[in-house]
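Here are my notes on this one, as numbered points. Have the model open while you read.

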Amino acid sequence: MLQLIRNIRSAGRTWVLALTALTVVSCAKDLGSPEIVERAGLTISLTVPQSVEREMRNPRTYAGTEPGYGQESVINSLYIVFYSRSKEALGARAGWKEVATKTLEKENLPSFTGTTQGNPTARFTVEGIPVTPSALDGGTELRAVIYANYNQNPGAITAESDLWNGSTLNPLFFTGTGVFGKVNDTWTANVSLTRQVAKLRIKAGIHPDAVPSTLEIDPRSISVTVEKMASASPTTDDGNDSNHKDYDPGDTFAGMEQTIVRSTTSGTPLRMEENWASGMKIDSLYMHPHDASTDKEKATVVKISMKVSDPVSAESKTLTLEYPLGKPQGTEQTDYTIKRNTIYTLDVQVQSIEGDESLNANLEIHDWDDAVIDIDAPWGEAVTSHSALYVLPGEGSTVMTVAAGGGTEPFSVTLMKPDRSGTLDASLASLYRDGFFAAGNTFLLEPSSKAEVQFTATEQFAGAWLKIVKTKGGQPAGLARYIPVGKAEFSAANGSATYAGGDFASQIVCRATMPDGTTEPLEWTAETVDAGGASAPVPDWLTIQTAGTENLSGSVAAQENSLRMQTAAAVVNYDLSTKGGTDDRNTANCYIINAPGTYSLPLVYGNAIKDGQTNTSAYTSAASGTNILSSFINHTGAGITDPYISNNGITLTEAKLLWQDVEGMIEETSVTLSGNRLAFRVTDKIDYGNAVLAVFAGDDIAWSWHIWATKYDPYATDGTKAVQNRISPNTQFDFMTENLGWCPEKEYAAREARVKVTQSETGATRIITVGQDYTLLSVNNTYYQWGRKDPFPGGLTGNVNKPTYGLAEYIWPSTDNTPGSQTITSSVIADYIKNPYKFNLRTSMDGMYYNLWSADNEVNGINTNQVVKTVYDPSPAGFCMPPSGAFTGFTTSGNNTLTSTDFNVSGAWDNGWNFFCGLNRTGETIYFPASGVRHIATGEATGLGSNGYCWSAAPNTTYGRSLSFSATYVNPQTYGSGRCVGHPVRPVKEQ
């Protein structure tokens, strides 16, 4: 592997590793023995930092020539951990579960192949992961965390000595993570490996202006002590996974009182470089990250002492210096944090042999991949630190070091036209040497010297070549080397997500057009910054990609509702059917909650138990005839014979959350079968909202229930209002004061983070924002199809779906106003039960039965006959659907009208009407909102804020009867609504 790496050549300071396809075997976690039916299609694209030695025959990194420095970029093993979560898992960082691991080493390691782009890409295929491509297509997320140079769960590195095996450096530890995304129909995770240690480089020498100038350092006297180096424990874990604590990308290490001593007498001698006298380089140490922040007491401190003498005066003295490692933050504070993948170079210089400031030190801090490289060239040759260069017009360019070896003749360095026909005109681009313009875009590099080369360019620049050739007598005297100079482009757009959180993508253009006309992607890096542009912590609600060549992706957590529901005290094992044991059992298809805690409900069909007794009238009709469903059926199509589902010959196998419209309100994994009950847990994220829970018999849903979270209590004294109507025999009904599933406004404050995106090759930066806008969600309620018991998601202002959360198989699209794929077209009642989350597009639905919401109903005209509640009724216990004549008091005649003076209303239109409860504008009022409808043909939400509806229990032959209204009409006897239309529901008390 090491030899392979040495032979790779590329452009920047990072490799691109072209990967051969490789199939490896995984160790999958036990997920209840899932059946794996797909074996291919998951690809990992791996990024590794560049080995500097690829670019130079005689390299000098900051590790110098100390033993083992060549191992710094070796990868000899990969340990991969796979995590999955549903796309709607709680929070941007939560919900991940480990599902599989892989170990790659020796011959199983992927092949690494360099390219000219400088980006480290190695691609290999994985198999046996219990999350298939089709599951990923359905919304499941899969994430890979890779640990390099550890072939098992990482063990602790507790001391610098653990990084060395005698005089040989153990391969350094790298980690990286990436989420699988679809690229050209292949699910691919882009993982960038990053060194998980920092390097401390120590140099010493005599200052050029030292007094006297004859001072010398005795190298055998040098002693270095580093105090308060970080250990591997304890750490601050970022929450990715406790099994890999200390080593997840993003974890930080706490400071420890660990001390390293290096001297000729300490037992751990200094690793002196061969050319220490000229290079003045003493040693390198490897350090763990250390989050000391601005606390100087926690800073890592370097103590150095050395014997300095003056051979002229024969005077000598031992000088000492203490230096806390830190980066100044303005004029007041210093950040003493030791960051991973960073090189700290402490340059100590002797200024005199007397006085308090005999030793001075300067600390340089570089990203390991961007650190300035010391290079030496062989005799008679010239070498460069890069094999390709890039310039961004008007901003910056790659900074390249070119070094000439010893000899007698200089090298010519010239910026050439794209066709190499001559020198490029300076009006297009300019060549700079060591910060100064090279006249004529050319200069001579003398033997045994170095130069820093960079460029400026105008928009008209179209690429160039940097020609380096040895000269003799002022003429070329050898083979020329041409280094391409590409014209870079760089732009970055803001990223955003809705209040509900989720993924975002910021469009990034980061590429270069090369002089041969080809285009190369360039790498960018990203970090969060404060208003002044200084590095800042990533907010806990944000996750962002930190490097790449294409768009910047990430995710944001859902915002908190500032008008959040005030909840009651948490409950434990609360039986919804008995109101926590305070009442006789009354079952229903809808249960109301208003507090976090643990709940349960009996596995009973709808309202088949009433006042603690079997309620056969809920599933057996006393009427008869062609349009009468005499025995109400279950999901198998068989008649219901007993309130309890399991007593109907049905074996229930599991329970699930199908959907909820408040993210994380019901803990998905808590929804379980518990004997003859369904149990679930409501979290502290409870808010006004709705959910649907279901029990399964094998693959089929056997029954489902609506959970409505609200402060509204329909059982309270003011929970209903008596509304009069104009049809006998029952001229008054007690209406609930809110539609079923009603949710008031929700408000989400705006928030944003500033992200600095840096083009790695040119150093150009762009500041973008990633955030969520202020959002005020409109009032909303659930919708129902006539004769069905289950709610469908509400609509919001703008006629869009209210977002739902849960398994992708059951939720509705949040960026649309239709059910998306969640539809059926069926006249079979059993299909409605088995698909409670699917909107039926068959206009007349079953098209036959009159009694689905009133068991003994035989008529389809306007009436106020007593409603006998059925197991298909969506109302809570004690309530039922209103008869068709219950709304006739909302006009002065009881008939449909377009005449505003006939409206029995108080006040002006207010996105709905305040109808008088009494006839002829008497009594108190009750509000009915214009909460729209789900369309008969498409299921799309429409008419929000302009049209209002409410179903009644009675049909009109194959249609359903309802109340309908707008600002210009009130129709209490609407008869033309297809049964498949999604209307709101306003229940009344059972009589």
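Which helix gives the most to the lining of the second largest cavity?

1. Helix 4 (residues 829–834) does, with 3 residues; helices here are DSSP runs of H or I, at least four residues, and strands are E runs of at least two, numbered from the N terminus. A cavity is a set of points on a 1 Å grid over the protein atoms alone where a 1.4 Å probe fits but cannot get out, and lining residues have an atom within 4 Å of a point.

2. Before going on: this is a predicted model, with local features needing pLDDT of at least 70 and side-chain atom pairs pLDDT 80 or more, while totals for chains, interfaces and linings use all residues. Numbering runs from 1 along each chain as its sequence is written, and side-chain values use heavy atoms, leaving out hydrogens and water.

3. That second largest cavity holds about 80 Å³, volume being the space filled by probe spheres set on the points. Its lining includes Trp703, Arg788, Asp790, Tyr832 and Tyr872.

4. Overall, the chain has 4 helices and 75 strands, and 55% of its 991 residues are buried.

Key. On a 1 Å grid over the protein atoms alone, a cavity is a set of points where a 1.4 Å probe fits but cannot get out, and a pocket is an open set with protein on both sides within 12 Å along at least five of seven lines; lining residues have an atom within 4 Å of a point. Buried means under 20% relative accessible area, exposed over 50%, partly exposed in between (1.4 Å probe, protein chains only).
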